[in-house]
Amino acid sequence: MIDFSLSKEQKQLVESAREFSTGVIKPAALEADEKGEFPEKIMKKAHELGFLYTNIPKEYGGTGMNHIDHYIVTETLNYDCCAIGQMIGISHLGTGAIEIGGTEEQKKKFLGKMTESHRSACFCLTEPEAGSDAARMQTTAEKKGDNYIINGSKCYITNGQFADLLCLFVTTDPSKGNKGICCFAVPRDTPGISVGKIEDKMGQRALNVVELFFNDVEVSKEHLIGEEGKGFKLAMMALDRGRVNIAAVCTAISQKALDECIDRTQKRVQFGQPVSQFQAVHFMLADMHALIMASRAMYLQSGWMLDQHMPVNIEAAAAKFFSSDAAMKITTDAVQLHAGAGFMKGSVVEKLMRDAKLTQIYEGTNQINRIVSGLGLLRRDSRLF
Ligand SMILES: Cc1cc2nc3c(=O)[nH]c(=O)nc-3n(C[C@H](O)[C@H](O)[C@H](O)COP(=O)(O)OP(=O)(O)OC[C@H]3O[C@@H](n4cnc5c(N)ncnc54)[C@H](O)[C@@H]3O)c2cc1C
């Protein structure tokens, strides 16, 4: 019943993703981190090779992978730089709500158009006064005949400056809380959309993260995904998938940190022997590895559940908070094992530690994910067997 062997096709996928990561992402990683720039050339190349829209069905121009395959490829593409890896995979979160709630016609139109270019999508939920409490959003959609007029702003939007397709959450009535929220597919060239502050970040610096303004943005009812007032549920379902994706990203960060430590501790000689010979170091490497095994198993289980169309809310939240806390611990310990050399700017583990921090914050902070998981457990039995 349980089989962790990869099929021939999966092996080929991982091989070619690894080749892309080693050959294209790795050489660009440190410079992209230093400059904090959108990796446009890499996005173009990833698009040509079919890595950009792995999760999008073939009929809408994507590669058409199931969840498990997409997450395995995500881990592989995030190994050498998780910021570039996540820019490549951003459509997974960006289009999740459209894939779940859109009609066939909407998916053909919006996803089909998006997959023609390398600029992908973005997920626009957070606002200055609505972070963890996303349902308090103030960006409004006012109905005018068959159209909606959107006004307001969003902040911290990944790929917000470049995305061709915006998956935008707004409210038709702020007093209704989550029951007033609607989801719209908004093409970038719709008049009235402008970019505000471009964020300068502590880690994952190659992620493009910006503020967006919506000034009398007019869209027809054909852009409404699902029903009016049902957008919050779509956002949460998209986040379930996104959180499993983050667990795959965290596994990549952690694996890279462990590999760097194995390499470094075998080369660094102190007290007349490689530091890898000290038992205290074995304990640290073993703990890192155990956390990685668990993180990988959690995204694989959650991905499998998504492929079986099972509810995954509790498991996705658990995979996200566990694997990101693990990545933070592992990368902090990796800096410890590299000691002075690891603390210096430009070292791989220094970047990994800064990158890991964000994974505890976005797609619901780990406090919020523990609430999601805990409340879910009180509502239903989450046991697999
Ligand atoms: C680099 C980056 C990229 C991002 N990309 C996107 C994106 O593409 N799209 C998007 O929509 N958003 C994005 N976000 C936003 C992100 O999801 C939010 O930052 C996150 O949900 C937290 O909101 P906040 O920062 O306003 O924190 P706050 O909600 O202000 O939280 C502050 C603190 O209070 C805690 N807290 C809040 N409520 C509770 C509670 N009920 N119980 C216990 N503790 C609580 C939080 O855990 C946190 O520690 C991004 C953020 C960053 C930093």
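**Around the ligand**

Author: Happy to. Both domain 2 (121–228) and domain 3 (232–379) give residues to the shell around the ligand, so the ligand lies between them. Bear in mind that this is a predicted model.

Reader: What makes a residue count as surrounding the ligand, and how many residues do?

Author: 22 residues surround the ligand, and the closest are L125, G131, S132, T158 and T365. By class, the shell has 13 nonpolar, 7 polar and 2 charged residues. β1 (121–124), β3 (147–158) and α12 (366–379) each supply at least two of the shell residues.

Reader: How do you know that β2 and β3 pair?

Author: Pairing takes at least two bridges. Strand β2 (residues 140–144) has 5 bridges to β3, and the two run antiparallel, so they count as a pair. As an example, A141 stands opposite I150 in β3. β2 and β3 form a hairpin with 2 residues between them, and G145 in the turn has a positive phi of about 65°.

Reader: Which strand do the 9 bridges join to β3?

Author: That's β7 (residues 209–220), again antiparallel to β3. Here I157 has V210 in β7 as its bridge partner.

Reader: What makes you say domain 1 touches domain 3?

Author: Contact needs C-beta atoms within 7 Å. 21 residues of domain 1 are in contact with 24 residues of domain 3, so the two touch. α3 gives the most to domain 1's side, with 5 residues. That side has 9 nonpolar, 10 polar and 2 charged residues.

Notes. Residues are numbered from 1 along each chain as its sequence is written. This is a predicted model: local features need pLDDT of at least 70, side-chain atom pairs count only at pLDDT 80 or more; totals for chains, interfaces and linings use all residues. A residue is near a molecule or strand if its C-beta atom, placed from the backbone, lies within 6 Å of it. Helices (H or I, at least four residues) and strands (E, at least two) are DSSP runs, numbered from the N terminus. Ala, Val, Leu, Ile, Met, Phe, Trp, Tyr, Cys and Pro count as nonpolar, Asp, Glu, Lys and Arg as charged, and the others, Gly among them, as polar. Domain bounds come from an automatic or database domain assignment.
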